[in-house]
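Please look over the sequence and the model shown here before reading on.

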Amino acid sequence: MEHKRLTLFAGHYGTGKTNIAVNYALFLRRLGKKVCIADLDIVNPYFRTKDSAEELERAGIDLISPQYANTNVDLPALPAEAYRLVEDKNCYGVMDIGGDDRGAYALGRYVPYIIKENNYRMVYVANCYRPLTRTVDDALEVMAEIEQACGLRFTDIVNNSNLGEETTAETVLNSLDFINKLSERSGLPIFLHSAKASACEALEGKLSPLLPLHLQERYFDLPQEGGF
């Protein structure tokens, strides 16, 4: 698996962008990379990269998050430090982009730098079990809206199709027809398949590459709609 210096995760609300971003950053760190993760989600107040701040700090991963993340104030205030991801070429940067086109606007200010360096992966996080992206047509529509909002084209797809805590290996395998058709129609390769760690043993040898997910602690404190 090739790892670009910058990896950006975007998609529809509830597809699991934040959890994928956190787990991928931890994966890069285990490979010995110097890693920095930025939370560019200025829309969703629930699942935030900030929720994993202690775990990221223990792993030696630098976290950049909105000024008011995890407070009672929720304003679109991105810190100037976020430019570090596009300026520090010695660091592997991971970006968690806000849901849909509204959240993707925040990425726009960094796009010229990203394109100039040309060492990035823009990943569409897909979950066919979410209400508004259950069909390939719906997923492609969301993909196009995000691209138009931020001015950057997707390069890859992550299959994060799941049913939350009810997810089994069969749940993931049943999503393959959807994800393969999405890949074919979009012309984008599948970068990763992901599943909660407890389901990955049964998926070994059936899906590759496979990223085991450890859920953010806050996930268990909120009403579930079938997604991580």
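What share of the contacts in the chain with a separation of 6 or more is accounted for by residues 24 or more positions apart? The share is 74%.

## The chain as a whole

The model is predicted. Its chain holds nine helices and eight strands. Of the 228 residues in the chain, 53% are buried.

The chain has an accessible surface of about 10,500 Å². Carbon and sulfur atoms contribute 47% of that surface.

## Lys17

Lys17 belongs to helix H1, which covers residues 17-30. Is Lys17 buried or exposed? Its relative accessibility is 6%, and because buried means under 20%, Lys17 counts as buried.

A polar atom of the Lys17 side chain lies 3.4 Å from the backbone oxygen of His12.

## Helices H6 and H8

Two packed helices are described by the angle between their axes and the distance between the axes. For helix H6 (residues 136-150) and helix H8 (residues 176-186), the angle is about 50° and the axes are 10 Å apart. H6 is therefore oblique to H8. The crossing of H6 past H8 is right-handed.

Which residues make the contact between these helices? On the H6 side they are Val136, Asp137, Ala139, Leu140 and Met143. H8 contributes Phe178, Lys181, Leu182, Arg185 and Ser186.

How values were computed
Residues numbered from 1 in each chain as written. Predicted model: local features only at pLDDT ≥ 70, side-chain atom pairs only at ≥ 80, totals over all residues. Heavy atoms only, no water. Helix = DSSP H or I, 4+ residues; strand = E, 2+ residues; numbered from the N terminus. Buried < 20%, exposed > 50% of the residue type's maximum accessible area, 1.4 Å probe, protein only. Polar contact = N/O pair within 3.5 Å; in protein donor to acceptor, adjacent residues only side chain to side chain. Contact = heavy atoms within 4.5 Å. Areas by Shrake-Rupley, 256 points an atom, 1.4 Å probe, with all protein chains shown as cover. Axes fitted to C-alpha atoms, helices over the stretch in contact; angles between N-to-C directions. Parallel < 35°, antiparallel > 145°, perpendicular 65-115°, else oblique. Left-handed = near helix turned anticlockwise from the far one by under 90°.
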